[in-house]
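Please look through the sequence and the model shown here before reading on. The text then walks through some of the features that can be found in it.

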Amino acid sequence: MESVRRKLIEYNQEHLLKFWDQLSDREREDLCRDISELDLTDVTSCFDKAVHALTNMQSMLDDKLTPIPKESIASVRTTNKEQLRVYEKLGLQEMADGKVAVLLMAGGQGTRLGVSYPKGMYNVGLPSGKTLFQLQAERILRLQSMARKECGKDGEITWYILTSEATHDTTVSFLQKHNYFDLKEKNVQAFKQGMLPCFTLDGKIILDKKYKISKAPDGNGGLYRALKTQGILDDMKQRGIRSVHVHSVDNILIKVADPIFIGYCLSLCTDCGVKVIEKSSPNEPVGVVCKVDDIYKVVEYSEISQETAKLRSNDGQLMYNAANICNHYFTVDFLHNIVTNHENEMELHAAKKKIPYVDEEGNRNEPKLPNGIKIEKFVFDVFKFAKQLTVWEGVREEDFSPLKNADSVGQDCPSTARNDVLKLHKKWLLNAGATFVANDVEVSPLLSYAGENLDHVQGLSLEGPCVLI
């Protein structure tokens with residue numbers, strides 16, 4: 001204990017042993033384990049860097065911004081059908097060759113939704129009753145079928161799921177219970193992102209209990225370190241994977257491993273791709289993909305003035321129009337380069353939060369105001385390390401409907417997610433020749449990935465609630 005105490009004193013964290021004399025043997029073991037797992041040099045350096053970045057962050061970046069160059073962005077709206085088909089074939093061939101993986105970021109709990117379980121287990125109330133996890137797994141199954149039909153090969157898509165301490169065991173149990181939604185067990189791998197201690201505003205590590213350090217996930221950018229420490233990158237290489245689609249769990253419209261997006265990236269030999277959608281208005285509170293000092297970044301809406309947000313180009317479009325939706329393409333070589341050479345260079349973001357803490361008397365408190373700092377990395381902060389970054393613009397109604405809030409909020413909630421899915425499926429069915437579609441008609445992902453394979457509805461009148469399978 002003396003060596004531990006000396007180490008804590010060296011880094012001004014000796015308060016972690018304040019209640020040592022009050023702890024049971026088991027609690028002392030727990031605290032010692034928590035402390036021994038800390039790399040104090042690393043975590044205190046992270047705090048210093050994050051706070052420095054926070055205090056030196058300029059409120060506005062207008063003078064440093066430039067839009068995405070025209071040659072680095074293409075849109076599904078303006079690309080002709082023949083070229084879209086070329087991209088789709090490239091993507092499906094990659095899948096048939098077994099070179100595609102999906103990396104799902106699913107570390108978040110459904111706290112804002114009003115539930116205590118992982119978001120991926122949430123059911124928004126579609127006629128099928130399917131959860132986010134099931135919808136996304138079945139899209140993978142459909143893609144494998146499409147690739148087999150297109151290319152005559154039985155390629156398999158590996159599904160990697162990034163969890164957190166809070167969601168890992170529940171997620172794995174849920175997937176096992178549902179037999180991985182008919183994906184092969186060997187092709188589904190869950191792995192945990194790392195944790196970082198929470199700090200007081202003046203840099204002291206917070207105690208959550210007398211014998212337990214307060215920790216929080218290291219952000220979705222923590223996936224890069226986890227790829228190495230959890231052996232996932234090695235697994236990708238052993239499987240011969242080249243293209244990795246990375247996305248967050250809470251977008252119910254996500255085109256998992258979108259073959260057109262993957263094919264577009266392959267056609268340009270890009271190592272890093274990002275799918276965006278048009279901003280709905282200058283004031284939409286979303287991050288924007290653009291360049292800052294000629295380096296690709298995602299800039300938060302709060303970092304751009306109203307005047308700059310409203311700027312329009314000659315064609316009438318917003319100049320800063322590329323809304324980030326956490327939808328990325330990476331090559332395995334790019335991920336290896338990040339993990340090997342750049343992970344320690346990633347930006348650190350400090351967020352002031354209300355963090356429960358143990359006070360001087362040993363009582364646990366729930367603060368009403370922000371009292372501490374959580375440190376995170378963001379998945380998109382690797383853009384600057386790309387040799388060739390390209391941007392693909394999708395369509396909001398087909399690509400993005402996030403599930404973040406309870407229905408009482410009225411947006412980005414179960415009702416809007418459910419309605420957006422059913423509205424899209426109605427469009428598919430009418431385009432396929434159905435004469436009438438009413439009252440919640442859902443199309444199973446196993447039947448259609450993006451509106452294809454629906455010729456049999458031509459001339460039919462469809463009334464729900466029902467599911468076409």
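The model is predicted. The protein is divided into two parts, domain 1 (58–404) and domain 2 (416–468). Their C-alpha centres lie 28 Å apart. The two domains touch: 24 residues of domain 1 are in contact with 21 residues of domain 2.

The size of an interface is often given as the accessible area lost when the parts come together. Between domain 1 and domain 2 this buried area is about 1,800 Å², and carbon and sulfur atoms give 66% of it. On the side of domain 1, Leu 126, Pro 127 and Arg 142 supply 32% of the area buried against domain 2, more than any other three residues.

Polar groups take part in the interface as well. Nine residue pairs are in polar contact between domain 1 and domain 2. Two elements give two or more residues to the side of domain 1 that touches domain 2, namely helix H5 (132–151) and helix H12 (396–399). H5 provides the largest share, seven residues. Sorted by class, this side of domain 1 has 13 nonpolar, three polar and eight charged residues. Across the interface there are also two salt bridges. Glu 398 forms a salt bridge with Lys 427, and their closest N and O atoms are 3.4 Å apart.

Next comes a helix. Is helix H9 largely enclosed or largely open? Eight of the nine residues of H9 (residues 259–267) are buried, so the helix is largely enclosed by the rest of the structure. Among the buried residues are Pro 259, Phe 261, Tyr 264 and Leu 266. The N-terminal end of H9 is capped by Asp 258, which has a side-chain oxygen 3.0 Å from the backbone nitrogen of Ile 260. Just after H9, Cys 269 takes a positive phi of about 55°.

Burial is also found in a loop. Asn 321 sits in the loop between helix H10 (306–309) and strand S15 (322–331). Because its relative accessible area is 8%, under the cut-off of 20%, Asn 321 counts as buried. Leaving aside residues up to four places away in sequence, Asn 321 touches Ile 277, Glu 278, Lys 279, Val 288 and Glu 393.

The last topic is salt bridges. How many salt bridges does a search of the whole structure find? The search finds 33. In one of them, the side chains of Glu 37 and Lys 215 meet at 3.5 Å, N to O. Glu 37 lies in the loop between helix H2 (25–36) and helix H3 (40–56) and Lys 215 in strand S10 (residues 215–217), so the pair ties together parts that are 178 residues apart in sequence. Glu 37 is exposed, at 52% relative accessible area, whereas Lys 215 is partly exposed, at 29%.

Glu 94 and Arg 242 also form a salt bridge, at 2.6 Å from N to O. This pair links distant parts of the chain, with Glu 94 in helix H4 and Arg 242 in the loop between helix H8 (232–239) and strand S11 (243–248), 148 residues apart. Glu 94 is buried, with a relative accessible area of 3%, while Arg 242 is partly exposed at 39%. Elsewhere, salt bridges that share partners join Asp 42, Arg 225, Glu 343 and Lys 377 into one network.

Methods:
Residues numbered from 1 in each chain as written. Predicted model: local features only at pLDDT ≥ 70, side-chain atom pairs only at ≥ 80, totals over all residues. Heavy atoms only, no water. Domains from an automatic or database assignment. Contact = heavy atoms within 4.5 Å. Buried area = accessible area lost by both parts, 1.4 Å probe. Salt bridge = Lys/Arg side-chain N within 4 Å of Asp/Glu carboxyl O. Polar contact = N/O pair within 3.5 Å; in protein donor to acceptor, adjacent residues only side chain to side chain. Helix = DSSP H or I, 4+ residues; strand = E, 2+ residues; numbered from the N terminus. Nonpolar A, V, L, I, M, F, W, Y, C, P; charged D, E, K, R; others polar. Buried < 20%, exposed > 50% of the residue type's maximum accessible area, 1.4 Å probe, protein only.
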